[in-house]
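Student: I would like to go through this structure and ask what stands behind the terms used for it.

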Amino acid sequence: MKIAFIGYGNVGAPLADHLQRLGHEVTLAAKDPASDNVRKALERNPALKVAEPVAAVSAAEVVFLATPFQANEAALAAVAPALAGKVLVDCTNPVGPGLRHGLGSERSGSEMIQARVPGAHVVKAFTIYGFENFENNAYPAYNVKPMMMYCGADAGAKRIVGDLIAALGWDPLDVGGLEQALHLEHMTLLWVRMVRVEGHSPNMVWAQLKR
C-alpha cells in the first residue's frame, strides 16, 4: 500500500518506519527535504521516500496526519484537493493550556479536520498514548495485545485502518463514528496527565479483555 505522512516527529517517524518495514511504500510529505525531522526519519529508515507534499499525498492511498495540532490547518490547506477520496488517519490531539482539551470539548479535532477536508475519509487512530508506545508496543509478559481504539464515519476507511493497526501489533477496536473522536482525545489527555504529570510509566497501555 502507498502511504504518505504529513508530520514525522515523535509519533509519525516510528509509525512510518514500522509501516515501511511491513512492506508498504511510505513517503514523507516534505516542504523542506533537508529539515531535521526528515533527516532523523531517514537515519532511522533510509528506505523511506521523500516527496513534495502534493505529490506525496496524490500518490498515496492512505495519508497519516501526525503534526502538532496547531499546524494542521496550514498543512491540510496545502494538500486539500489531493486528499479527495483518500483515507486520512488523524493522529493529532488538540491540547490546550493546563492539559485541557484545546477546543473546549465542544467538538473533536477530528471533526474539525473532516470539516476542512470534506472529501477525505477521516479516521481517528494512533492516539490515546504517548510516543513511547508507537516506538515499541510489545508487552511480551502478557497474553493480550495492547488495544488501539479508532473511529470514523466511513466503514471502508475504517477497515483499511483497522488492518494497519492489526499489522502493527495492536488489538484494533472500532468504537464507532467520528463523533467518538472527542472521547479518544480525552483518553489521550488522561494518559498524558497520568504519565507526564503523575509519574506513571509511559510503558502503559489499555487492553481489551473478553470473557
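Tutor: Start with strand 4 and strand 5 (residues 87-90) of this predicted model. The two strands pair in the parallel sense over four bridges, and V63 stands opposite L88 in strand 5.

Student: How do you know that strand 4 and strand 5 pair?

Tutor: Pairing requires at least two bridges between two strands. Strand 4 and strand 5 have four bridges, in the parallel sense. Strand 1 (residues 2-6) also pairs with strand 4 in the parallel sense over four bridges; there, F64 is the bridge partner of F5.

Student: What makes both faces of strand 4 (residues 62-65) covered?

Tutor: V62 and F64 on one side are buried, and so are V63 and L65 on the other. Buried means under 20% relative accessible area.

Student: What unit do strand 4, helix 4 (residues 72-77) and strand 5 make?

Tutor: They make a right-handed β-α-β unit.

Student: Why is helix 1 (residues 12-21) called largely enclosed?

Tutor: Eight of its ten residues are buried, so the rest of the structure largely encloses helix 1. Among the buried residues are G12, L15 and L19. Their cover includes strand 1, strand 2 (25-29) and helix 7 (155-167).

Student: Why is the contact of R44 with E135 called a salt bridge?

Tutor: The rule asks for a side-chain nitrogen of Lys or Arg within 4 Å of a carboxyl oxygen of Asp or Glu. For R44 and E135 the closest N and O atoms are 2.8 Å apart, and the pair forms a salt bridge. This pair links distant parts of the chain, with R44 in helix 2 and E135 in helix 6, 91 residues apart.

Student: What makes R196 and E132 a salt bridge?

Tutor: Their side chains meet at 2.9 Å, N to O, and the limit is 4 Å. R196 lies in helix 8 (residues 181-197) and E132 in helix 6, so the pair ties together parts that are 64 residues apart in sequence.

Student: Is E132 buried or exposed, and how do you know?

Tutor: E132 has a relative accessible area of 17%. The cut-off for buried is under 20%, so E132 is buried.

Student: Why is R196 called partly exposed?

Tutor: Its relative accessible area is 42%.

Methods. Residues are numbered from 1 along each chain as its sequence is written. This is a predicted model: local features need pLDDT of at least 70, side-chain atom pairs count only at pLDDT 80 or more; totals for chains, interfaces and linings use all residues. Side-chain values use heavy atoms; hydrogens and water are left out. Buried means under 20% relative accessible area, exposed over 50%, partly exposed in between (1.4 Å probe, protein chains only). A crossover is right-handed if, with the strands pointing away from the viewer, the path from the first strand over the helix to the second runs clockwise. Contact means heavy atoms within 4.5 Å.
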